[in-house]
Amino acid sequence: MRGFLNIDKPQGVTSFDVVRAVRRAAHMKRVGHAGTLDPLATGVLPVALGEATRLVDELMGARKRYRAEVLLGVETDSYDTDGAVLAERDAAHVDLEA
């Protein structure tokens, strides 16, 4: 078996967790991923199987697009949504131009 799987990685799972699951399911050792998504991130994680792992570097150099949601006005101790909220401020004055 060789080729790529586009996995929709859920939040709370590491990229390596996905690779580990694919290795088990496919009964293969040669499985790799093209890029790393933070455990808090969701999105497409290209996973290479068998001989396709040789093409991962080519895929890494390809053009990509990202979409993000930003919560303004909240400060946490970890600088992400997993942390404890330290402060909240009104961010209504922030517009697209700013």
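This is a predicted model: local features need pLDDT of at least 70, side-chain atom pairs count only at pLDDT 80 or more; totals for chains, interfaces and linings use all residues.

Author: Residues are numbered from 1 along each chain as its sequence is written, and side-chain values use heavy atoms, with hydrogens and water left out.

Reader: What makes S15 buried or exposed?
Author: The cut-offs are under 20% relative accessible area for buried, over 50% for exposed and partly exposed in between, with a 1.4 Å probe and protein chains only. S15 has a relative accessible area of 3%, so it is buried. It sits in helix α1; helices are DSSP runs of H or I with at least four residues, strands are runs of E with at least two, and both are numbered from the N terminus.

Reader: What does S15 touch?
Author: Leaving aside neighbours within four places in sequence, S15 is in contact with K9, H33, G35, T36, L37 and L45. Contact here means heavy atoms within 4.5 Å.

Reader: Which residues of α1 are buried, and why are they said to be on the same side?
Author: The buried ones are S15, V18, V19, V22 and A26. They cover an arc of only 100° around the axis, so they are on the same side of α1. That arc is taken from the directions from the helix axis to the C-beta atoms. As background, an α-helix has 3.6 residues a turn, so residues three or four places apart point the same way. The buried residues of α1 pack against β1 (3-9), β2 (31-33) and β3.

Reader: What makes a set of residues a nonpolar core, and which residues are in the largest one?
Author: A nonpolar core is a set of buried Ala, Val, Leu, Ile, Met, Phe, Trp, Tyr and Cys residues joined through side-chain atoms within 4.5 Å. The largest here has 10 residues: V18, V19, V22, A26, M28, V31, L37, L45, V47 and L49. At least two residues each come from α1 (15-26) and β3 (43-49), and α1 gives the largest share, four residues.

Reader: How do you know that L49 is buried?
Author: Its relative accessible area is 5%, so L49 counts as buried. L49 lies in strand β3 and touches, among others beyond four places in sequence, V22, M28 and V31. The C-alpha atoms of L49 and V19, 30 residues apart along the chain, are separated by 9.7 Å.

Reader: What about A48, buried or exposed?
Author: A48 comes in at 0% relative accessibility, so it is buried. This residue of strand β3 has contacts that include G3, F4, V31 and V56.

Reader: And G50, which lies in a loop: buried or exposed?
Author: G50 has a relative accessible area of 6%, so it is buried, and it is found in the loop between β3 and α2. The C-alpha atoms of G50 and R2 are separated by 4.7 Å, though 48 residues apart along the chain.

Reader: Why is H27 called exposed?
Author: H27 has a relative accessible area of 72%, so it is exposed. H27 lies in the loop between α1 and β2, and has a positive phi of about 55° although it is not a glycine. Most residues other than glycine have a negative phi.

Reader: What makes Y79 exposed?
Author: Y79 has a relative accessible area of 77%, so it is exposed too. Y79 has a positive phi of about 65° without being a glycine, and its place is in the loop between β4 and β5 (85-88).

Reader: What makes something a pocket, and what volume does the largest one have?
Author: On a 1 Å grid over the protein atoms alone, a pocket is an open set of points where a 1.4 Å probe fits, with protein on both sides within 12 Å along at least five of seven lines. The largest pocket has a volume of about 1,100 Å³, volume being the space filled by probe spheres set on the points, which are joined across faces, edges and corners.

Reader: Which residues lie nearest its centre?
Author: Of the 31 lining residues, L37, A41, T42, R67 and A68 lie nearest the centre of the largest pocket; a lining residue has an atom within 4 Å of a point. β3 gives the most to that lining, with four residues.
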